[in-house]
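Here are my notes for your first look at this one. Have the model open while you go through them, point by point.

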Amino acid sequence: MPLFTLIVGNIKVFCESCDARETFAPIQLSEMTDSVRKRCHSEPARWGQEPPPNLQLYSLTYQCQRCERFFSSFLVRREDWRLILEGRSPLEHIEVANFLPRAERDYFRDALIAIHAGKTLAALFYLRTFIEQFARRQTGKAGRATGDEIMEAYNDLIPLLNAT
């Protein structure tokens with residue numbers, strides 16, 4: 001069976017510390033299924049059946065090369081010759097338009113992440129939160145208020161167009 005070798009290089013991802021997309025260098029790579037295979041082989045009654053030979057799980061850790069403070073990790077699964085990104089920490093930072101209000105931008109970003117992950121209901125919740133928080137800030141409403149009350153107060157602020 002051919003030996004699979006994973007060669008990793010630098011990547012460019014968002015650094016929360018630098019608040020920009022920066023170059024990250026790999027600082028650690030771990031292949032995790034080999035140790036599981038050894039445990040299963042040495043104590044099959046305790047660990048059960050070992051993973052198939054065409055499966056490998058890699059943990060990759062990267063460090064920002066600008067600030068050297070922020071780390072990003074990835075879990076990559078190999079099945080035969082296919083590589084699949086299984087997980088990431090932290091989640092990818094999605095750039096949103098600058099014309100969106102800064103105070104509510106994260107709600108819109110979370111809505112985009114949710115919809116891309118196939119979580120439509122969560123995406124709608126974040127989008128509604130984005131709209132209601134913007135309206136709350138514009139109206140100055142504080143305390144407990146329903147979304148309908150907040151939006152009614154916001155509607156009162158909008159001038160009527162073509163009111164003839």
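1. Start with Pro90, which sits in the loop between strand 5 and helix 3 (105-116). Helices here are DSSP runs of H or I with at least four residues, strands are runs of E with at least two, and both are numbered from the N terminus. The peptide bond joining Ser89 to Pro90 is cis, with omega at about -5°. Most peptide bonds are trans, and most residues other than glycine have a negative phi.

2. A word on what you're looking at: this is a predicted model, where local features need pLDDT of at least 70 and side-chain atom pairs count only at pLDDT 80 or more, while totals for chains, interfaces and linings use all residues. Numbering runs from 1 along each chain as its sequence is written, and side-chain values use heavy atoms, with hydrogens and water left out.

3. Which residues touch Ser72? Setting aside neighbours within four places in sequence, Ser72 is in contact (heavy atoms within 4.5 Å) with Phe24, Leu60, Thr61, Tyr62, Arg88, Ser89 and Pro90. Ser72 itself belongs to strand 4 (residues 71-79). Its relative accessibility is 2%, so Ser72 counts as buried; the cut-offs are under 20% relative accessible area for buried, over 50% for exposed and partly exposed in between, using a 1.4 Å probe and protein chains only.

4. Five strands form an open sheet in the order 1-2-3-4-5, with antiparallel pairing; two strands pair if DSSP finds at least two bridges between them. Strand 1 (11-15) and strand 5 (82-89) are at the edges with a single partner strand each, so one side of each has no neighbour in the sheet. From one strand to the next, the twist averages 40°. In general, strands of a sheet pair through backbone hydrogen bonds, either parallel or antiparallel.

5. How is strand 1 joined to strand 2? Five bridges link strand 1 with strand 2 (residues 20-31), and the two run antiparallel. Ile11 stands opposite Phe24 of strand 2, and Cys15 has Ala20 as its bridge partner there.

6. The hairpin of strand 1 and strand 2 has four residues between the strands, and among them Asp19 takes a positive phi near 60°. Asp19 is exposed, with a relative accessible area of 57%. Asp80, in the loop between strand 4 and strand 5, also isn't a glycine and has a positive phi of about 55°. At 44% relative accessibility, Asp80 counts as partly exposed.

7. Finally, helix 1 lies across strand 2 and strand 3 (55-64), at about 140° to strand 3; axes are lines fitted to C-alpha atoms, for helices over the stretch in contact, and angles run from 0 to 180 degrees between N-to-C directions. Arg37 lies in this helix (residues 33-42). What does the Arg37 side chain find near the backbone oxygen of Leu55? One of its polar atoms is 2.7 Å from that oxygen. Beyond its neighbours within four places in sequence, Arg37 is in contact with residues including Glu31, Glu50 and Leu55.

Conventions
Polar contact = N/O pair within 3.5 Å; in protein donor to acceptor, adjacent residues only side chain to side chain.
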